[in-house]
Amino acid sequence: MFHTRRNSDIACVERLQRAAFGYFLRYSDTATGLVADTSRKGSPSSIAATGFGLAAYPVAVERGWIGRAEAARRVLTALAFFAASRQESDARATGYRGFYYHFLDMRSGERAWRSELSTIDTALLLAGALAAAAYFSGSGEQEREIRSHAAFLYERADWNWALNGGDTVTMGWRPPGRFLKHRWRGYSEALLLYILALGSPTRPIVPQNYDAYAAAHEWLTLDGVAHLHAGALFVHLFPQAWIDFRGVRDRGMRERDSDYFENSRRAIRLQRAHAEENPHGFAGYCSDLWGFSACHAPKGWLRLRDGRRQRLLGYEARGAPFGADDGTLVPWASLAGLPFEPDACLGSLSHLMSQYPALVNEGCLPGGFNPSLPGDGPEGWVDDRIVGLDQGLVVMMIENWRSGLIWELTRSIPAFSQGLSRAGFAGGWLSSTLPRV
């Protein structure tokens with residue numbers, strides 16, 4: 001019975017993984033290679049979604065969903081666009097100092113939505129470029145150009161400039177010359193940013209900058225165990241889409257006999273426990289229906305199915321056990337969590353697909369849904385967007401669970417191993433790569 005169920009679940013996982021990759025074929029521009037932020041008509045490109053897409057192409061080639069030459073052509077299109085893009089301090093450029101605006105016009109590549117020059121989204125883009133370059137290692141001209149462009153883009157990023165004279169990296173910059181006041185300080189998805197910034201062969205930050213970032217981590221003791229807190233699920237998952245942290249520890253993790261992988265396993269368990277407890281009485285919540293992360297939802301005071309009025313938060317980074325919770329869930333959680341809690345996630349996926357079948361759109365799971373709100377079915381309110389970041393995370397995390405492909409690629413990339421080592425990480429696969437420098 002278990003064997004039959006597992007085969008059925010794996011078939012479902014593969015369908016959703018392949019459909020998630022399909023997002024990058026449907027919602028990318030053929031001339032620039034830029035990937036749309038969401039499936040909504042007129043959506044600009046998200047440079048972070050573009051980075052996830054670049055990392056998804058190796059998976060698609062290995063799974064036989066696209067030919068190697070076609071995948072390489074698409075990757076090269078995007079990397080060549082960024083390499084040639086205008087890097088100036090005016091508001092219509094694509095980027096500046098090796099960083100890029102959060103949102104870009106899909107066709108022209110110019111800044112969109114008056115967005116900021118984003119350090120974290122640039123890091124996600126560069127991580128995708130480096131992963132793709134590690135995979136396309138052939139001697140042909142196309143694959144050699146991929147590696148050349150990826151190296152150029154990574155080396156162009158001026159991480160020292162992004163410090164703006166401080167001890168931690170700023171979140172971004174706006175033209176013609178104003179840094180954002182907030183900095184990446186304390187546990188966040190910027191763990192990936194710091195590793196890439198430390199690993200830069202041209203303009204790196206220094207280990208003391210990582211120490212300043214980590215000094216602000218919020219450590220909790222839950223059931224007698226130290227836990228590095230971040231309520232929103234994506235914070236735990238984004239860096240680990242690229243990096244295998246099993247046994248790889250920085251000073252804080254060594255002191256608490258943990259690592260970021262185990263910490264994320266615990267975060268998923270905490271989310272499941274919160275959903276099972278369901279302190280606010282929202283519809284559907286249980287240990288098999290959870291997923292608290294950043295997503296869209298309606299905004300304002302609305303009446304729930306049970307007659308209560310509830311303040312909906314709009315776009316918000318929802319979290320558990322300590323974080324925003326308005327009944328809105330991300331349905332992709334059980335897929336992205338597979339490397340950490342596979343049995344629980346497969347059970348959650350089975351529950352989700354059987355109880356909320358109308359969630360699937362174009363074969364993909366949407367950005368979010370709220371079964372407590374009135375709707376045509378048990379799904380309640382369902383986001384009409386398919387989100388590029390979500391789909392990329394699904395492709396990568398499923399593959400890391402199935403084969404470890406992305407983790408294997410990044411182990412071979414000096415940017416990652418050097419950055420980890422300079423941040424004080426040791427152990428696991430890193431121990432056989434290089435000593436701390």
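Two rings of Phe, Tyr or Trp (its six-membered ring) form a pair if their centres lie within 6.5 Å; planes under 30 degrees apart count as stacked, over 60 as edge-to-face and the rest as tilted. A search of the whole structure finds 30 aromatic pairs. The model is predicted, and local features need pLDDT of at least 70, side-chain atom pairs count only at pLDDT 80 or more, and totals for chains, interfaces and linings use all residues. Residues are numbered from 1 along each chain as its sequence is written, and side-chain values use heavy atoms, with hydrogens and water left out.

**Phe 99 and Trp 159**
- The ring centres of Phe 99 and Trp 159 are 5.1 Å apart and the planes stand at 90°, so this pair is edge-to-face.
- Distant parts of the chain, 60 residues apart, are linked here: Phe 99 belongs to strand β3 (residues 99–101) and Trp 159 to helix α6 (residues 159–163).
- Helices (H or I, at least four residues) and strands (E, at least two) are DSSP runs, numbered from the N terminus.
- Both Phe 99 and Trp 159 are buried, that is, under 20% relative accessible area with a 1.4 Å probe and protein chains only.

**Trp 161 and Phe 179**
- With centres 4.8 Å apart and planes at 50°, the rings of Trp 161 and Phe 179 form a tilted pair.
- Trp 161 lies in helix α6 and Phe 179 in strand β7 (residues 178–179), so the pair ties together parts 18 residues apart in sequence.
- Trp 161 counts as buried because its relative accessibility is 16%.
- Phe 179, at a relative accessible area of 19%, is buried.

**Aromatic cluster**
- One aromatic cluster includes Tyr 187, Tyr 210, Phe 245 and Phe 425.

Key
Buried means under 20% relative accessible area, exposed over 50%, partly exposed in between (1.4 Å probe, protein chains only).
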